[in-house]
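Dear colleague,

Please find the structure below. My notes on it follow.

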Amino acid sequence: MNTFQEYTSFLNNALIQVVSAVTILILGLLIGRFLGKLSYKILNELEIDDILTKRLGSIVDIEKYIGKLLQYAIYVISAFYSFRILGFPIQSLYYLFLLIIFLVFIFIILEVKDYVYNFCIGLFLINKSFL
């Protein structure tokens, strides 16, 4: 009987941890999306993009990028917090985060490599008067 009570107690605690972690993850997704859109609308009302275009000649949609950055930062924070509730050690989460950053960096390098190659070939063809 004692073993059965220990087993049900363990299952109950595990279920509570999983439900709370999923709840925090869903709330983080909702809050992140809401705050991302809110920051975009606030920056759009302040006309930050128009000011930067007039003063710096920038064509980057900074309002959208700041909104997305805030949104994904809240996603990552809620994911880390939900992993902590599930009992993952924080050091393994740091390694996972570093692995993701490394993979994104590799993908960016592989994408830029093609542009650099095409740019160099274009300069070569222009200098050789093929075009």
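A residue counts as buried when its relative accessible area is under 20%, and as exposed when that area is over 50%. By that cut-off, the buried residues of helix α1 are Ala21, Gly28, Gly32, Gly36, Ser39 and Leu43. Please keep in mind that this is a predicted model.

What do the buried residues of α1 pack against? They pack against α2 (48–56) and α3.

Helix α1 covers residues 2–45. It has 44 residues, and its first and last C-alpha atoms lie 64 Å apart, close to the 64 Å expected at 1.5 Å a residue. After α1 comes Glu47, which has a positive phi, near 55°.

Next, the packing of two helices. Such a pair is described by the angle between the axes and the distance between them. Helix α1 packs with helix α3 (residues 62–86) at an angle of about 165°, and their axes are 8 Å apart. Angles over 145 degrees count as roughly antiparallel, so α1 is roughly antiparallel to α3. The crossing of α1 past α3 is right-handed. Sorted by class, their contact has 17 nonpolar, 11 polar and three charged residues.

Last, one residue elsewhere. Phe107 belongs to helix α4 (residues 90–127). Is Phe107 buried or exposed? Its relative accessible area is 56%, so Phe107 is exposed. Phe107 and Gln91 are 16 residues apart along the chain, and 24 Å separates their C-alpha atoms.

Regards

Definitions and conventions. Residues numbered from 1 in each chain as written. Predicted model: local features only at pLDDT ≥ 70, side-chain atom pairs only at ≥ 80, totals over all residues. Heavy atoms only, no water. Axes fitted to C-alpha atoms, helices over the stretch in contact; angles between N-to-C directions. Helix = DSSP H or I, 4+ residues; strand = E, 2+ residues; numbered from the N terminus. Parallel < 35°, antiparallel > 145°, perpendicular 65-115°, else oblique. Left-handed = near helix turned anticlockwise from the far one by under 90°. Nonpolar A, V, L, I, M, F, W, Y, C, P; charged D, E, K, R; others polar. Buried < 20%, exposed > 50% of the residue type's maximum accessible area, 1.4 Å probe, protein only. Expected span 1.5 Å × (residues − 1). Contact = heavy atoms within 4.5 Å.
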